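Q: I'm new to reading structures and I'd like a close look at one part. Could you walk me through how the chains meet, and then what goes on around that meeting?

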Amino acid sequence: MHRLLPLLVAVPLLGAALLAALGRVLPRVVAESVGCAVSAGTAALAVVLLPHSSPPLVEWAGGWEPVRGYGVGIVLVGDGPGLGMAALVSLLTLAALAYSWRSFDEPPHGHTGAFPALMLLFQAGMCGFAIAGDLFNAFVWFELMGVVAYALTGHRVEEARAVQGALTFAIVNSLGGYALLMGIALLYARTGELAMAEIGRGLDAGGPPDALVLAGFVLVLTGLLVKAAAVPFHFWLPDAHAVAPTPVCMLLSGVMVQLGVFGVWRIHGTVFSGPGGLPAGDVERVLMVLGAVTAAIGALMCWYQRHIKRLLAYSTIAHTGLFLLGVGTLTPEGDDGVALYVIGHAGVKAALFACTGILLDRFGSVDEHVLHGRAGALRGVAVMFAAAALGLAGLPPFGTALGKSVTEEAVGGPLTVLYVVVSAVTAGAVLRVAARVFLGLGPRPREARGEDAYETTGNGEEPETEQRLVRVPDTMTAVPALLLAGALAAGAVPGFADAVARAMSEATTAGLVHTSVHWTPVGIVLGLVSTLLAVGLAAVAVTRPELLAPPARALPLRRLQSGHVGDYVAWLLVGTTVLGVLALPAVLTG
Amino acid sequence: MTAVLHVLPYLVAAWVFLAGAYGLATSRNLIHAVGCLSVCQAATYVLLLAVGYRDGATAPVFSDMAPGTRPVVDPVVQALALTDVVVGATVTALLLALVVQVAKRHGTVDPDELTELRG
Amino acid sequence: MNPRTRLWLVATGGAGLAALLVAACLRLPDFGGDRHPYGDRAVRASLERHVANTVASVNFDQRAFDTLGELTILFAAVLGCMVLLRQTRDEHRAPPEPADVALPVRRYALLVLPVALLTGLYVVAHGQLSPGGGFQGGVVAATALHLLYLGADYRALERVRPIGPYEAGDALATSAYLVTGVAGLIGGSAFLANTLLPYGMFNTLASGGTVPLLNAAVGMEVACAVVVLLAGFLDQAVEIVEEGEDGERDDDGHDHEEPGK
């Protein structure tokens, strides 16, 4: 079975090459159907491989098995989390391709296959990153997913915002990628190896961590946290997500950002968790501080948005913060919880973007204020939008709720409160949008102080379909419905959560430490509390807008999101310094 | 003095990376910014190749040299640097394509004048 | 953020990063040190498989999976650039103007073109023997064609490089690399396994099993990719005009570049 691992990358790549080669002659329907079929095939492969992942599948590309413990080849690791991410990536790509099937704007002349081919390349990059067991190979696939994501984000080149957002995205993420590569080079210099496990062993052989290990850790983490959009590396994300085509947003917000968190988990676990890596306390401090700040800032900024896609983008940042908090506990419970949370979140967030895309294509706007009361006729979309919002809040039995409750117990103390509040605020913002846009509740929001209001409105966006939709195609409504069903099933299907937990324990402790994951009364109560809080916030915001309007003192925070790429680079530098300072005690005491 | 020479190539790499990052942050022209990003990337080449160097060694190519007669530098970092070059070239091409479109849609390549996305 | 604040941020962040990097550099093994365990293993593995250029062995055999990623990054960038630099609704193509080129420049370019092209192909073909290979040679070969742009004009260049076939060549070369990999999986042992073909005589063109095949696929991919990439940018510079500017309407994309027109 392990021989098939590279096919998770090769199949979508071959599909993309085929689509590009025949793109000039293929009719559009055929090209898009081929895209769907290939991504579905890859998803099937990942799902077939998953049950065989204990013990983890290990494949040396090119058949270069190590001789006497030392190899020259590239190792691929198909353990539960890796294959699980690959499956999630593939299913979401399939969903995104199905969503855009025949409805997405007319492709450029002679490039019928370009969009599905790029989506398949994106899928291949993400799958490759998920199963990489070699640090440099991980960088290569990381860059592939980056390059494709930049191109897809700027796909609508006629729009000024789209190209600006894509450029910012590309510059900040490339710089992060080069920081990652600097870190890899430092680790190679110390250990002379590239396989993650070998680097870890090499560091352990070198005694307690020193400045070199610290620098390697900080630089590698910088690259991954830029992708994961942790504060202060996060500025590119709202700009990119607000302008990317909806199917691309589904992938960016649903899995790509989470792959950054996954990379942190994977590389910490394999490279830096031994005695030669960084002490657990210091890693915990780094991830906890960054996670908490990310969650708080993401939630706050999410609340202040009126551009719906931007609002969802900030909610992704807030949830990334929550994921980092869970991973930062460095406990099996935290890992299990985050794994489930990521699965549930992918379904819910992608569904929200899908519904927003319908609004855009129907009304030519994604602005909460402009759309006030205009989408009343779209009942089905309204129900899905609201249900996804409740899922975001953590209403049992959504997968998000189960994952959240497990992680909440793992983090404990005041951080549990943060978890409840952050998920409530982000979900409250989405519910507020739902109440205004679909139900037309409350007074029509007044326009802020003229032209110089420091915000991005969602008006003037071009629909992504050829013309404004009169009737919403069935595929566009079926996809969010299925995604929501998936998110619901992740929490409701008995045994699923336990299977995820078993896969996680198999990957981290070879199955020695197994934690059982199930609904607890406390978890259910906390989920209900954050849901009620979200509903309450939305109700207040809609009926008495002035109570929760952005106060003047929030302006400095909003001004940080300036759209200026130089600012974002400056923050990236500050972020690496912050990482270094937070992890510094590891070297001073060690 | 020799102690400095032993780490000088690494320090050059660090310097190049920081210089590129400074240029990127303070850039007033997006094409210049793309160039600065390439400078940052050049730092990774310098670091990789410096890490792989071996005193008195030659290129790891045995077409005109019997194996074992001379030490060779680390071939792995050279392969990594090659990959890195390709990544850099493609990213630069993509970035420049985006800059072309930014120039068309915004009528400027000064990042200070791009004010569409904020807040 | 005003430039002053930004400069402060850059200074703070840069100082922190600088301190970190310098501290790390001081702990790195001395420059020119003798300990390269992976490198030494790679050299041995390369000689076992009769590949004289170890870098080619690392690229196309031992770490061929990395090269697959590298290849597809280039492929994705080409596809991305074609999408980003497409002719949009508010633009049209104006046929390029013939250009006057000084005679010495023209002579020189036409003289050097075949030499450069041949050099590129030579560098590709000897990838597993001498420094160079598919990536390097592909770039040389592709840029050689562009001497026509310098020596003659854009129309001459367009005659020798119809974009369609090059795009297809790019995709087919990528497929060829993948198919070779899958053949290793089906016929031999593992994906991209170099066990199908004999390793041949050391230091000959046919040595190294599948290394020359993968090398050739990469050479073709890079050459096609560079041609298409440059075409994307040159089209923007030379042909594509925003609506309202001069030039006659021409809707059929690149198809008017057919030879003999």
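A: Here is a walk through the contacts between the chains, followed by some details of each chain.

First, some housekeeping: this is a predicted model, where local features need pLDDT of at least 70, side-chain atom pairs count only at pLDDT 80 or more, and totals for chains, interfaces and linings use all residues. Residues are numbered from 1 along each chain as its sequence is written, while chains are lettered from A and ligands numbered from 1 in the order in which they are written.

Let's start where chain A meets chain C. Here 64 residues of chain A are in contact with 62 residues of chain C; two residues are in contact if their C-beta atoms, placed from the backbone, lie within 7 Å. Several elements of chain A each supply at least two residues to this side, including helix H1 (7-22), strand E1 (57-60), helix H6 (160-191) and helix H21 (565-583). Helices (H or I, at least four residues) and strands (E, at least two) are DSSP runs, numbered from the N terminus. Sorted by class, this side of chain A has 39 nonpolar, 17 polar and eight charged residues. In that sorting, Ala, Val, Leu, Ile, Met, Phe, Trp, Tyr, Cys and Pro count as nonpolar, Asp, Glu, Lys and Arg as charged, and the others, Gly among them, as polar.

Ala229(A) lies in the loop between H8 and H9 of chain A, and its phi is near 60°, a positive value in a residue other than glycine. Ala229(A) counts as buried because it has 30 C-beta neighbours inside 10 Å. The rule is that a residue with 20 or more other C-beta atoms within 10 Å of its own is buried, one with 12 or fewer is exposed, and one in between is partly exposed, with C-beta atoms placed from the backbone.

Elsewhere in chain A, another cis peptide bond runs from Pro396(A) to Pro397(A), with omega near 5°. Pro397(A) sits in the loop between helix H14 (379-393) and helix H15 (399-411).

Now for chain B, which has three helices and zero strands. Chain B meets chain C too, with 39 residues from chain B and 45 residues from chain C in the contact. Helix H1 (2-26), helix H2 (30-52) and helix H3 (75-106) of chain B each give two or more residues to this side, and H3(B) gives the most, with 15 residues. By class, you'll find 28 nonpolar, eight polar and three charged residues on this side of chain B.

What about the overall form of chain B? Its radius of gyration is 20 Å, whereas a compact globule of 119 residues would have one near 14 Å; the radius is taken over C-alpha atoms, and the globule rule is 2.2 Å times the number of residues to the power 0.38. Along the principal axes, the C-alpha atoms of chain B fill a box of roughly 60 × 35 × 20 Å.
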